[in-house]
Amino acid sequence: MAANIFSCCVPIRQYRQREQARRAATARSEAIDKELARTRTDLKVLLLGSPGSGKSTFIKQLRSIHGDEFTNEEVERYRDVIYSNVIEGLKALLDARSKLRIPWDDAANEEHAARVIDCDTSQLNPRTFATHVSSCKALWVDNGIQEAYKRRDEFQLESYVRYFLDDLDRIGNEDYLPNSQDICHAHQTTPGVAEYVGESHGLVRRFVDLGAPLRYKKVFAHFDDARAVLYFVSVDKFDQDQGIDGANHLMQECDTLSVILNSRHFARAHICVIFNKTDLLEEKIKHVNFNDFFPQFDGDPSNVDHVKKFILELFEERCRSWGRDPFFMYFITAVDPINMKFVWSAMSDVVRPASWLSSLVLY
Ligand SMILES: Nc1nc2c(ncn2[C@@H]2O[C@H](COP(=O)(O)OP(=O)(O)OP(=O)(O)O)[C@@H](O)[C@H]2O)c(=O)[nH]1
Ligand SMILES: [Mg+2]
């Protein structure tokens, strides 16, 4: 009897040991593959564009498309960024309300305003943010703040403000953890160069986010092996002046693009112009007259297709005068995952090795 039990147990124990060894070997091999993918590069893609034009958002969406989930640490880090976005957004609105001399709906909110203004956004976590939630809620529903929000075209306000402040019940919950859409709306300036390595269909693409291009012009030489350069333009900023000469934002973007197109370091790269924030452009032209900023525009200023066509032709015309066309130009909404999936499948032709370009397979 004992012999029978023994003879039946040994194979099970051996089976378990073998199974454990097999799992460990698979894990080791996966770790090696990951490490190889991390260090291997089949194709380098450079992301350039003004601050806030959507480079990091594009990369966040690519991660989702590649099934590369955010780690718990990353989710917690983004949660704290979102807390700081909420407070910074409110501070901007409070400042605008005061400068635009908009009266309070409820004068008692002055006290809530003082608490928010005093808040140190570098120290926010669920516990500290919880102490500000009721003030944030009271301020956001005040008609004075709502009026300032309506006049947001008269001052600088980040695009995420309504997205987060409309959802304070969820975000203010102490157990709150951001979902992927929240993470896409969060903004934290990318410090220096950021990289994302994504592998799909056996192809390892290294995306390098280089920050504001003119500041980093000197480092272009280190990226002359880039297969594609994606240049991001915030199209919703058509009504903004920039720089000391007060040039229109879109015209300034044209100039920056000329620097990239003319750079000898990118002579072999496909230069692609990504017109981002199309959703905000569509919303803005409903209340800001596009014609006021581009008198030569002769379409319907409230028709987004007319406006997009004009912007496209403006860039095309400028590029023609420099003698080099961008490989393609695309209008996208980087915070919209459905739009991004579509855009990515259309773009994958560009971000392939040259030898693959003749292939018709889209993925
Ligand atoms: N509504 C809307 N918001 C967008 C879009 N693309 C980006 N944003 C928001 O714009 C803000 C800035 O986007 P980022 O991707 O961080 O911009 P960036 O180019 O990486 O900015 P820097 O790192 O500061 O140079 C974030 O709050 C994004 O959620 C878009 O298509 N629509
Ligand atoms: Mg960034």
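Two residues are in contact if their C-beta atoms, placed from the backbone, lie within 7 Å. By that criterion, what covers the buried residues of helix α2 includes β1 (43–49), α10 (180–185), β3 (203–209), β4 (228–234) and α14. A residue is buried if 20 or more other C-beta atoms lie within 10 Å of its own, exposed if 12 or fewer, and partly exposed in between. This is a predicted model, in which local features need pLDDT of at least 70 and side-chain atom pairs count only at pLDDT 80 or more, while totals for chains, interfaces and linings use all residues. Residues are numbered from 1 along each chain as its sequence is written, and chains are lettered from A and ligands numbered from 1 in the order in which they are written.

**Overall**

- The protein has 14 helices and eight strands; these are DSSP runs numbered from the N terminus, helices being H or I of at least four residues and strands E of at least two.
- Of the 363 residues in the protein, 31% are buried.
- Among contacts with a separation of 6 or more, 76% join residues 24 or more positions apart.

**Helix α2 and its packing on α14**

- In α2, the buried residues are K55, S56, T57, F58, K60 and Q61.
- Helix α2 (residues 55–65) packs against helix α14 (residues 337–347) at an angle of about 80°, and their axes are 10 Å apart. Axes are lines fitted to C-alpha atoms, for helices over the stretch in contact, and angles run from 0 to 180 degrees between N-to-C directions.
- The angle makes α2 roughly perpendicular to α14, a class that covers 65 to 115 degrees, with angles under 35 counted as roughly parallel, over 145 as roughly antiparallel and the rest as oblique.
- On the α2 side Q61, L62, S64 and I65 take part, meeting P337, M340, K341 and W344 of α14.
- The residues of this contact divide into five nonpolar, two polar and one charged. Ala, Val, Leu, Ile, Met, Phe, Trp, Tyr, Cys and Pro count as nonpolar, Asp, Glu, Lys and Arg as charged, and the others, Gly among them, as polar.

- Helix α13 (residues 304–322) has 19 residues and reaches 27 Å from its first C-alpha to its last, close to the 27 Å expected at 1.5 Å a residue; the expected span is 1.5 Å times one less than the number of residues.
- V307, I311 and F315 are the buried residues of α13. Viewed down the helix axis they fall within an arc of 65°, so they line one face of α13; the arc is that of the directions from the helix axis to the C-beta atoms.
- Exposed residues on the other side of α13 are D305, E313, E317, R320 and S321.
- The cover over the buried residues of α13 includes α11 (249–262), β7 (270–276), α12 (278–284) and β8 (328–331).
- M329 lies in strand β8 and is buried because it has 20 C-beta neighbours inside 10 Å.
- Leaving out residues up to four places away in sequence, M329 touches V273, F275, L312 and F315.

**Positive phi outside glycine**

- R101, not a glycine, has a positive phi of about 55°. R101 sits in the loop between α3 (72–99) and α4 (109–118) and is exposed, with 6 other C-beta atoms within 10 Å.
- K277, in the loop between β7 and α12, has a positive phi near 70°. K277 counts as buried, with 25 C-beta neighbours inside 10 Å.
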